[in-house]
Amino acid sequence: MAKGERLRKSVYEAELFRLQAELVKMQEWVRGEGERLVVVFEGRDAAGKGSTIKRVTQYLNPRVARIVALPVPTERERTQWYFQRYVEHLPAAGEIVLFDRSWYNRAGVERVLGYCTPEEHQRFLRQCPIFERMLVEDGIRLHKYWFSVSDVEQQRRFESRLTDPMRRWKLSTTDLESITRWEDYSRAKDDMFVHTDIPEARWNVVESDDKRRSRINMIAHLLSQVPYEDVEAPMLDLPQRPPSRGYVRPDRSLQHEVPDHAASLGQ
């Protein structure tokens, strides 16, 4: 298949399932070895970050792998050291944390829309490489992905969301403003890359006009970067159910059961 050609659904689904099985193996290795893994998902609005995160976590244990998508900072958080509210979400031993947007908000939307001062932005660019080197030096495995979408494809996805009541909630005024600030966001991203694409934590760019291809590429790359090994699962045997000791279930009429809506659907 040629590069750039849209991935066929049958090929995509088969490879996605294979990669998801490998993600489960990676999860068990992280848990068994007490590793700490952080994956940062960044990119323009509608670039496919959220849908990729869903595929990554689909079969993972939520007690091991968790998604962090922080809301707008509170007034108290605004007075803290900028990285402070992200630090509390970093993984402990045996955990995976996926940041659906991260501390890089300051280098993107905050800079472009004026939510931070130029001095705060420059301080971030100076401190971020130091912060990330500290994480890596402490043993955290840090992987950063930038999802790159074209202006034409972003526009198409926005228009699709506008007419889809199931996805309308994904659009905000900030998202729509990104259409008119396209070049501002491009300059901000370029500046961010110059300062934060460090050897200890490189930026990995995912071309995401084809969502199927981008998901496959991102997951395959992550798996190639983590030196996980198969962890032998413990042998489990279902025990024999013991004989009844006289328990009698209360009459169902005493319970408040959910109505059988399914019965009204027919066959």
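Visitor: In which loop is Ala 46 found?

Guide: This is a predicted model: local features need pLDDT of at least 70, side-chain atom pairs count only at pLDDT 80 or more, and totals for chains, interfaces and linings use all residues. Residues are numbered from 1 along each chain as its sequence is written, and side-chain values use heavy atoms, with hydrogens and water left out. Helices (H or I, at least four residues) and strands (E, at least two) are DSSP runs, numbered from the N terminus. In these terms, Ala 46 is found in the loop between β1 and α2.

Visitor: What is the phi of Ala 46 near?

Guide: Most residues other than glycine have a negative phi. Ala 46 counts as buried, because its relative accessibility is 7%; buried means under 20% relative accessible area, exposed over 50%, and partly exposed in between, with a 1.4 Å probe and protein chains only. Its phi is positive although the residue is not glycine, with a value near 70°.

Visitor: Which loop holds Arg 101?

Guide: Arg 101 is likewise a residue other than glycine with a positive phi, about 70°. At 25% relative accessibility, it counts as partly exposed. Arg 101 is found in the loop between β3 and α5 (109–113).

Visitor: Which are the edge strands of the sheet?

Guide: Two strands pair if DSSP finds at least two bridges between them. Five strands form an open sheet with parallel pairing, in the order β2-β3-β1-β4-β5. Strands that pair on one side only are the edge strands, namely β2 (65–68) and β5 (203–207).

Visitor: What is the average twist from one strand to the next?

Guide: Axes are lines fitted to C-alpha atoms, for helices over the stretch in contact, and angles run from 0 to 180 degrees between N-to-C directions. From one strand to the next, the twist averages 20°.

Visitor: Which residue of β4 is the bridge partner of Glu 42?

Guide: Strand β1 (residues 36–43) runs parallel to strand β4 (residues 140–148), and eight bridges join them. The partner of Glu 42 in β4 is Trp 146.

Visitor: Against which elements do the buried residues of α1 pack?

Guide: Buried residues of α1 include Tyr 12, Leu 16, Leu 19, Leu 23, Met 26 and Trp 29. Contact means heavy atoms within 4.5 Å. The elements that the buried residues of α1 pack against are β1, α2 (49–57), β3 (95–100), β4 and α10 (211–225).

Visitor: Which residue follows α1?

Guide: The residue after the helix has a positive phi, near 70°. It is Gly 34.

Visitor: How many residues apart in sequence are the parts tied together by Glu 35 and Arg 141?

Guide: The side chains of Glu 35 and Arg 141 meet in a salt bridge of 3.0 Å, N to O, where a salt bridge is a side-chain nitrogen of Lys or Arg within 4 Å of a carboxyl oxygen of Asp or Glu. Glu 35 is buried, with a relative accessible area of 18%, whereas Arg 141 is partly exposed at 26%. Because Glu 35 lies in the loop between α1 and β1 and Arg 141 in strand β4, the pair ties together parts whose separation in sequence is 106 residues.

Visitor: How many salt bridges does a search of the whole structure find?

Guide: Among the salt bridges is that of Glu 110 and Arg 106, at 2.8 Å, N to O, and both of these residues are buried. Another joins Arg 167 and Asp 164 at 3.0 Å, N to O; besides these, shared partners join Glu 177, Arg 181, Glu 183, Asp 184 and Arg 187 into one network. For the whole structure, the number of salt bridges found is 28.
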